Amino acid sequence: MPNRRISAPSALSAVKNCFFLVGPTASGKSQLAADVALRCDAEIVSADAFQIYRGLTSLTAQPNESLLRQVTHHLVGVLPLTEEMSAARFRELALNAIAEIHARGKRALVGGGNGLYLNSLTHGLAPLPAIDQHLLDALRTLSTQDLSAPRAPVHPLVQALVCRPHTRC
């Protein structure tokens with residue numbers, strides 16, 4: 001999978017030229033998407049949070065080999081189970097797949113049921129700061145008890161603002 005970035009205006013344009021087939025789990029989206037893609041000369045971009053992983057074929061109802069031969073699918077069985085996935089990474093991979101599909105003069109059909117992934121694709125994501133790897137490494141060395149222990153007393157004014165009757169403080 002190429003790793004080139006797509007600008008926000010290009011992303012909006014790419015998504016506006018896509019078809020979306022979404023719905024609840026086990027509602028037949030994969031087969032319906034394949035049928036539509038065959039009729040419309042389209043390629044499918046999966047927006048399923050688990051179908052992207054290799055080795056989860058039966059657990060995620062990934063399209064079978066026959067279906068994969070009939071219609072080109074993107075983002076199905078492409079990552080090892082050990083690799084992390086996020087909405088931001090999905091967005092980048094999906095936009096790249098859509099750009100490649102459009103560059104070949106074909107239609108893109110995005111199918112799946114992961115609302116966060118679909119929303120990231122259609123509306124983008126707020127920029128986040130980079131992860132502080134040193135802090136993350138330090139936190140990983142702490143036990144659950146260490147992480148839940150109070151670090152400093154909370155000022156009563158702050159506690160009054162933050163704590164409500166329905167929360168535990």
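A salt bridge is a side-chain nitrogen of Lys or Arg within 4 Å of a carboxyl oxygen of Asp or Glu. This is a predicted model, in which local features need pLDDT of at least 70, side-chain atom pairs count only at pLDDT 80 or more, and totals for chains, interfaces and linings use all residues. Residues are numbered from 1 along each chain as its sequence is written, and side-chain values use heavy atoms, with hydrogens and water left out.

**View 1. Glutamate 83 pairs with arginine 89.** Their side chains form a salt bridge, 2.6 Å from N to O. Glutamate 83 is partly exposed, at 29% relative accessible area. Arginine 89 is also partly exposed, at 27%. The cut-offs: buried means under 20% relative accessible area, exposed over 50%, and partly exposed in between (1.4 Å probe, protein chains only). The structure holds three salt bridges. Side chains of opposite charge can pair when their charged atoms come close.

**View 2. Glutamate 43 meets arginine 104.** The N to O distance in this salt bridge is 2.5 Å. Glutamate 43 lies in strand β2 and arginine 104 in the loop between α5 and β4, so the pair ties together parts 61 residues apart in sequence. Helices (H or I, at least four residues) and strands (E, at least two) are DSSP runs, numbered from the N terminus. Glutamate 43 is buried, with a relative accessible area of 4%. Arginine 104 is partly exposed, at 46%.

**View 3. Lysine 106 bridges to aspartate 41.** The closest N and O atoms are 3.2 Å apart. This pair links distant parts of the chain, 65 residues apart. Lysine 106 sits in the loop between α5 (87-103) and β4, and aspartate 41 in the loop between α2 and β2.

**View 4. Helix α2 and its buried residues.** Helix α2 covers residues 29-40. Its twelve residues should span 16 Å at 1.5 Å a residue, and the end C-alpha atoms are 16 Å apart, which agrees. The expected span is 1.5 Å times one less than the number of residues. Lys29, Ala33, Ala34 and Ala37 are the buried residues of α2. They cover an arc of only 130° around the axis, which puts them on the same side of α2. The arc is taken from the directions from the helix axis to the C-beta atoms. An α-helix has 3.6 residues a turn, so residues three or four places apart point the same way. Cover for the buried residues includes β1 (18-22), β2 (42-46), α4 (65-70) and β4 (107-112). Contact means heavy atoms within 4.5 Å.

**View 5. A nonpolar patch on the surface.** Leu135, Leu139, Leu142 and Leu147 form the patch, with about 330 Å² of accessible area together. Areas come from the Shrake-Rupley method with a 1.4 Å probe; for residues, only the protein chains shown count as cover. Patches are made of residues with over 30% relative accessible area and no salt bridge; like charges are joined within 9 Å, nonpolar side chains (Val, Leu, Ile, Met, Phe, Trp, Tyr) within 5 Å. Leucine 147 is in helix α8 (residues 144-148). This leucine 147 is partly exposed, at 48% relative accessibility.

**View 6. The whole chain, for orientation.** The chain has nine helices and four strands. Buried residues make up 31% of its 169 residues.
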